[in-house]
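I opened the notebook to log what I looked up. The entries follow in the order I made them.

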Amino acid sequence: MAQGTVQVTHTGTSRWRRRTGEYASLAAALEAAADGDVLTVAPGTYRENLVLRRAVTLRGPDGAAGSVRIAPVDGVPLTVRASATVRGLQMEGQDAAAPALLVEEGAPELIDVRVMTRSAAGIEVRGGARPTVRRCTVDNAGGVGIAVLDGGGGVFEECEVVAAGQAGVVVRGGAHPRLERCRVHHASGAGLLATGEHSGLEATGCEVYEIKGAGVQVTGRAGAHLTDCDVHRTTGDGITLDTDAVLTLADCRVHDVPENAIDLRSRSVLTLTRSSVRRFGRNGLSVWDPGTRVDANQCEIHDSTGDYPAVWVSDGATAVLDACRVRDVPDALFVLDRGSRVDVVDSDLSQVRNTAVSVSDGATAQLDDCRIREASTGAWFRDHGSGGTLANCTVDATQTGVIVTKGADPTVERCTVTSPAEAGFYVSAGGRGTFHGCRVSDSSGFGFHVIDGCRTTLRKCRTERCARGGFEFAEDGPLVEECTSDESGGVRPAANAPAAEPAHQMATRATQPVGLLGGVPRQQPAEPQEPQQPPGPSRTPKDVLAELDTLVGLESVKQEVRALTDMIEVGRKRRQAGLKAASVRRHLVFTGSPGTGKTTVARLYGEILAALDVLEKGHLVEVSRVDLVGEHIGSTAIRTQEAFQRAHGGVLFIDEAYALSPEDSGRDFGREAIDTLVKLMEDQRDAVVVIVAGYTAEMERFLSVNPGVASRFSRTITFSDYVPEELLRIVEQQADEHEYRLGPGTAEALVTYFTAIPKGPAFGNGRTARQTFESMVERHAGRVAQVADASTDDLTLLYPEDLPELPEPGRPA
């Protein structure tokens, strides 16, 4: 019953139809009302569960906001099932299983409504409802602030979620609302959460802050579009995307985040335009997994508050930065793992305390027309398989301009390094690289410093005003063609060279170290050279198997690969002897958790088959669902055929292959990819080896529901998780490679650490070991930087106190 009366005025077209009545309850008044009636409710508390079934207006008195309280003991205070208008009321619910205000049908208007509740949701919109919600506030300490579910939609204008016990705004089940100039804060879950296929969220001019979790979370094939929004002051990541999520940010700001500003995984796609990321504790952009991609245009990433790279791209992900600025960060851009790629165009990387661009573990970076300045190292290509291209870039005011080490092989074209403190270009430890048309000026050290006999190629390079010399090479060093240095007045011919021969007709190979007065090494006149024969296989099967043996752990995997290799080798020898040979199916299934070496073993397997003349090339082409499955009928077959063609003569490695056949596939085009693969595997069984990989349980399901696929594979190889002692060996290998040592007690502390570390789905196995080592190096640097006269032991020994804190359960290790 109401604590007052309800006045009802019908506002029809005829003045004779106006009527006024008083009712003992709101429910009675609503029962008597017709479409178009206005129900003005007297102040009071109404313990009723109201349902609006007609297009009426339910409102409180003017100038008395919050004076009308709809507050039943349980259930939904107000359910709207018509295109009604609700204005100036306050909803108070106490039912943890029901919303305080439920919109189920029609296109109602909710204006100046307050929701003060402890319900499952403050405002819930579902089904075909499309409300317009203006200037409403939600305070729901017991659950979700606003929930839009099951195909619901609508527009929320100038609304505010002032508190939420769970997420601030939740969108799922194919719903698609739009938020305009809204504020969401003090939520205990994500600020904005969109999840599930066909679910989407649009937000313009909104602010998300003071969130105990991620500011914005998009997952499970959902999408979102944010324009002119602020996300800040979260305890988790600012924005997180997972599992085929798609997000567009335009003119947005993400800042003051203690974790990653933006984190993407599992084939998610992010488009950033004219947006800024600043004051973040971990990575500004963290991009993981094959098929995951970031496209950033005219964006800024700056003012890191932690010790992590501003942009981190790994595990086969891709990032594109166009006309962006990255500044005032520890490291600007780290790209690592085979298949990972970064393309940077017309961008500035400046005020970088360590390395501006780091490329490692087989990754690729392409920089065009970029500017790097005020960094310790401009670009560092670290190890075998790592490479890419630097073209038309400038590197200014660094310690070292470009470093190439341990078998990395980049191409550097028309780049200029000015004012390096140590060297313009430094190549060591088996690094390679091709430098064409590059220039170094005003170096406090050398211009080009190539040691360890590295087989680097320099063409048409020049140095000017380099304090220690333009070019410094070790014996049997690089190939040098048409390079000049002002220290020697140009390229000097050897003593027996004709004096009149022009310098630009000379080709040189380094044969001895160069002194401080010599700009380039000894040279010989160019002579016609015999055409080089194409190289044969670089390694024998025994060599590749030896590398396989160096991998930590994986004993059963090594046995399986050796057994398969032996079968193939013996079969080849029997055929050469004119004997029958058993047909060996070479396609494989790899099962196991991430970080257990599946991609590495696949690469070595391809190289073994090439060395045995089973495959023409033996190269590895890695794909996932996003590379094979198109968006319309017919496009999937084309994509799959193209991937198969790229792998011709080598190995096609399909990661997370089970994603091609999801459990709720329906009309999913993944089936078309599977059918195409099965046919191609039969038609071209001698030209391509296919390896499918993924989690053990998911792969077992995948093979069981696709007998046509299962029959094509010879065997399944299981990659077990690493035990703590094996993870220790990986850290020891990393330490040895980077010239560190484990101090007393550190090995034991690492075993304890790896025993205690959470082993959930986010556990990265070998990747976790590498990240642990990197964290130890960072903590070691913070400790040793305070030592005035650091000894060699100080600089190389890692102690138990350098170990990072154990990650929380559920967070990536």
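In which strand does Thr389 lie? I find Thr389 in strand 46, residues 387–391. Strands here are DSSP runs of E with at least two residues, helices are runs of H or I with at least four, and both are numbered from the N terminus.

Ground rules first. This is a predicted model, where local features need pLDDT of at least 70, side-chain atom pairs count only at pLDDT 80 or more, and totals for chains, interfaces and linings use all residues. Residues are numbered from 1 along each chain as its sequence is written, and side-chain values use heavy atoms, with hydrogens and water left out.

Back to Thr389. Is Thr389 buried or exposed? Thr389 has 17% relative accessibility, so I log it as buried (under 20% relative accessible area; exposed is over 50%, partly exposed in between; 1.4 Å probe, protein chains only). I then listed its contacts (heavy atoms within 4.5 Å). Leaving out residues up to four places away in sequence, Thr389 touches Ala365, Gln366, Leu367, Thr411 and Glu413. I also checked Thr364, which is 25 residues from Thr389 along the chain. Their C-alpha atoms are separated by 8.2 Å.

Next, the whole chain. I count 13 helices and 67 strands. Of the 813 residues, 54% are buried. Among contacts with a separation of 6 or more, 52% join residues 24 or more positions apart.

Helix pair one. Helix 2 (residues 541–550) packs on helix 4 (residues 598–611) at about 165 degrees, and their axes are 9 Å apart. Axes are lines fitted to C-alpha atoms over the stretch in contact, and angles run from 0 to 180 degrees between N-to-C directions. Helix 2 and helix 4 are therefore roughly antiparallel (over 145 degrees). From helix 2, Pro541, Val544, Leu545, Glu547 and Leu548 take part. They meet Val601, Arg603, Leu604, Glu607, Ile608 and Ala611 of helix 4. By class, I get eight nonpolar, no polar and three charged residues (Ala, Val, Leu, Ile, Met, Phe, Trp, Tyr, Cys and Pro are nonpolar; Asp, Glu, Lys and Arg charged; the others, Gly among them, polar).

Helix pair two. How do helix 11 and helix 12 pack? Helix 11 (residues 746–756) meets helix 12 (residues 766–784) at about 130 degrees, with axes 12 Å apart. Thr746, Leu750, Tyr753 and Phe754 of helix 11 touch Ala769, Thr772 and Met776 of helix 12. This contact has five nonpolar, two polar and no charged residues.

Terms used:
Angles under 35 degrees count as roughly parallel, over 145 as roughly antiparallel, 65 to 115 as roughly perpendicular and the rest as oblique.
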